[in-house]
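Visitor: I am new to this structure and would like to be walked through it in some order. Could we look at it together, one question at a time?

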Amino acid sequence: MTTLAPLDVLCAANKDFLCRPIGMLIDGAMVAAQSGKTFAVFDPGSGREIAQVAEGDAADIDLAVKAARRAFQDKTWSGMKAHARERLMHRLADLIEAHADELAELESLDQGKPVAMARHLDVAGSVDYLRYMAGWPSKLEGSTIPVSVPYMPNRFFAYTMREAVGVIGCIVPWNFPLMMAVWKVAPALATGCTVVLKPAEQTPLTALRFGQLVMEAGFPAGVVNVVPGFGGTAGAALAAHPDVDKVTFTGSTEVGRHIVHAATGNLKKVTLELGGKSPVVICEDADLDIAIGGAAMAIFFNQGQVCTAGSRLLVHKSMFDKVIEGVSAIASSFKLGHGLDPETQLGPLVSKEQIDRVSGYVKCGLADGARATAGGQVVDRAGYFMQPTVLVDTSPGMKVVQEEIFGPVVVAMPFSHMDEVAAIANNTEFGLGASIWTRDLNKMHALAPAIKAGTVWVNCHSIVDPAMPFGGFKQSGWGREHGKAGIELYTETKSVCLML
């Protein structure tokens with residue numbers, strides 16, 4: 001166990017940022033909540049309060065939506081030439097890159113993840129994603145359509161146009177706070193939409209710092225608004241607001257259902273990236289030197305707080321014991337510690353609520369007959385630390401096998417024949433991701449189409465690219481993010497038909 005990193009190691013910029021109440025960004029200005037309320041933000045590595053942030057509610061959401069609507073309607077942003085939008089997006093990416101160390105430190109402190117991971121994945125990934133999306137404004141194009149109307153002798157010319165949807169409500173989770181915000185905001189900006197961003201109440205800090213950088217980059221007031229607050233107040237108000245044209249949400253399937261219900265008022269468009277219970281399938285011919293480490297990182301990366309976490313480990317019975325021994329050894333070897341400690345390999349869970357949830361699932365699994373070959377306990381120290389856990393002797397009907405835990409807990413089951421794998425893999429309500437570990441391409445090509453998941457990785461797991469569509473089957477969501485498929489969901493298609 002590594003020691004707690006003191007807060008005095010923070011850079012001067014972050015010390016200054018955290019030393020006074022932090023406002024919300026509405027219409028180009030950092031302002032207090034209309035109610036005057038603030039809420040506390042905690043360091044999950046110590047459990048200590050680190051900041052006070054403005055607590056937005058329905059009144060603040062309404063102001064932010066009005067600002068976004070005004071910026072959209074007056075063509076300040078949507079009417080801007082494509083190359084000008086591209087330049088502003090590139091400028092924002094440059095600013096994030098220039099403040100990378102500061103943002104990584106803030107993300108680590110707020111969310112708990114190791115600072116090196118925050119720097120090289122979360123912040124660097126946000127920069128790359130913005131730069132990818134900055135290439136789209138000049139490439140949103142329609143097509144010409146040959147029209148053949150048998151009852152009309154006239155000739156016609158028809159074409160399609162891509163137009164921005166309008167005001168977008170973005171509601172993001174706490175596992176990758178900055179990167180998830182960029183995943184939502186960047187395609188909206190690329191298409192000419194305006195945004196109201198509601199960060200998770202557990203992790204609002206980098207979203208608010210991101211909002212400051214948006215204004216520093218020179219974006220017009222009202223194009224991006226950031227309103228921190230709680231899901232039941234600010235989030236619910238944003239999802240139900242009659243002047244929001246689309247909501248894009250990443251989070252739990254349970255909350256996703258509430259988003260859908262709230263969106264029915266004005267039938268706003270909805271994109272959902274929801275829960276997962278992703279299978280990791282290790283075939284008889286897999287290269288175990290690669291597969292064991294890959295399976296461990298599939299579940300323990302980011303403390304298991306990943307929607308595509310490989311939380312179900314399905315292993316051919318001939319190598320089941322060897323794989324479990326290897327994954328358990330890796331689980332037991334991690335150095336747990338504060339995210340700001342450079343020796344830390346795994347940080348804490350994000351909150352007291354989350355560690356109670358995860359430990360509760362483990363206790364339930366053990367009570368149902370599962371056995372822990374590694375971990376299984378909450379760590380007795382300040383902060384919210386859970387031992388990386390491997391559970392065996394599990395069966396398909398157990399809660400730990402069926403429900404998303406969202407922590408460093410993997411359930412392992414053997415299989416005997418390849419023709420039973422797809423049925424086991426598909427035996428949940430989720431369908432977000434899956435991975436297959438094999439050296440047999442014929443086996444892979446047979447199994448990949450049979451698994452009901454939005455992404456199937458082969459000899460890797462949770463590889464995400466800005467150009468590769470990402471989303472889920474079944475109750476793992478609606479629509480896709482990233483690439484052309486993601487961009488198109490922020491646009492409306494208009495057909496224009498001329499009689500010549």
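Visitor: How far apart are N and O where the side chains of Arg20 and Asp16 meet in a salt bridge?

Guide: This is a predicted model, in which local features need pLDDT of at least 70 and side-chain atom pairs count only at pLDDT 80 or more, while totals for chains, interfaces and linings use all residues. Residues are numbered from 1 along each chain as its sequence is written, and side-chain values use heavy atoms, with hydrogens and water left out. A salt bridge here is a side-chain nitrogen of Lys or Arg within 4 Å of a carboxyl oxygen of Asp or Glu. The side chains of Arg20 and Asp16 meet in such a bridge, and the N to O distance is 3.2 Å.

Visitor: Are Arg20 and Asp16 buried, partly exposed or exposed?

Guide: Buried means under 20% relative accessible area, exposed means over 50%, and partly exposed is in between, with a 1.4 Å probe and protein chains only. Arg20 has a relative accessible area of 45%, and Asp16 has one of 38%. Both values lie between the two cut-offs, so Arg20 is partly exposed and Asp16 is likewise partly exposed.

Visitor: Which helices hold Arg119 and Asp101?

Guide: Arg119 forms a salt bridge with Asp101, and the closest N and O atoms are 3.0 Å apart. Helices (H or I, at least four residues) and strands (E, at least two) are DSSP runs, numbered from the N terminus. The pair ties together parts that are 18 residues apart in sequence, because Arg119 lies in helix α5 (residues 115-133) and Asp101 in helix α4.

Visitor: How many residues apart are Lys494 and Glu163?

Guide: Lys494 forms a salt bridge with Glu163, the closest N and O atoms being 3.0 Å apart. Lys494 is partly exposed at 39% relative accessible area, and Glu163 is partly exposed at 29%. The pair links distant parts of the chain, with Lys494 in strand β22 (residues 491-499) and Glu163 in strand β6, and the two are 331 residues apart.

Visitor: How many salt bridges does a search of the whole structure find?

Guide: Some of these bridges join up, as Arg69, Asp243 and Asp245 are linked in a network. A search of the whole structure finds 19 salt bridges.

Visitor: Are helices α3 and α5 roughly parallel or roughly antiparallel?

Guide: Axes are lines fitted to C-alpha atoms, for helices over the stretch in contact, and angles run from 0 to 180 degrees between N-to-C directions. Angles under 35 degrees count as roughly parallel, over 145 as roughly antiparallel, 65 to 115 as roughly perpendicular and the rest as oblique. Helix α3 (residues 82-98) and α5 pack at about 170°, with their axes 9 Å apart. That angle is why α3 and α5 count as roughly antiparallel.

Visitor: Which residues of α7 make the contact with α4?

Guide: The axes of helix α4 (residues 100-111) and helix α7 (residues 205-217) come within 9 Å and cross at roughly 155°, which means that α4 is roughly antiparallel to α7. Contact means heavy atoms within 4.5 Å. On the α4 side the contact is made by Glu102, Leu103, Leu106, Glu107 and Asp110, and on the α7 side by Leu205, Thr206, Arg209 and Leu213.

Visitor: What covers the buried residues of α8?

Guide: In helix α8 (residues 231-240), Ala234, Gly235, Ala237, Leu238 and Ala239 are buried. The elements that cover these buried residues include α2 (58-73), β7 (167-171), β8 (194-198), β10 (246-250) and α9.

Visitor: What separation do the C-alpha atoms of Ile299 and Phe406 have?

Guide: Ile299 lies in helix α10 (residues 288-300), and Ile299 is buried, with a relative accessible area of 0%. Leaving aside neighbours within four places in sequence, Ile299 is in contact with residues including Gly304, Ala309, Gly407 and Pro408. Ile299 and Phe406 are 107 residues apart along the chain, and their C-alpha atoms are separated by 9.3 Å.

Visitor: Where is Leu267, and what is its phi near?

Guide: Leu267 is in the loop between α9 (253-262) and β11 (269-273). Leu267 is exposed, with a relative accessible area of 70%. Its phi is positive in a residue other than glycine, with a value near 50°.
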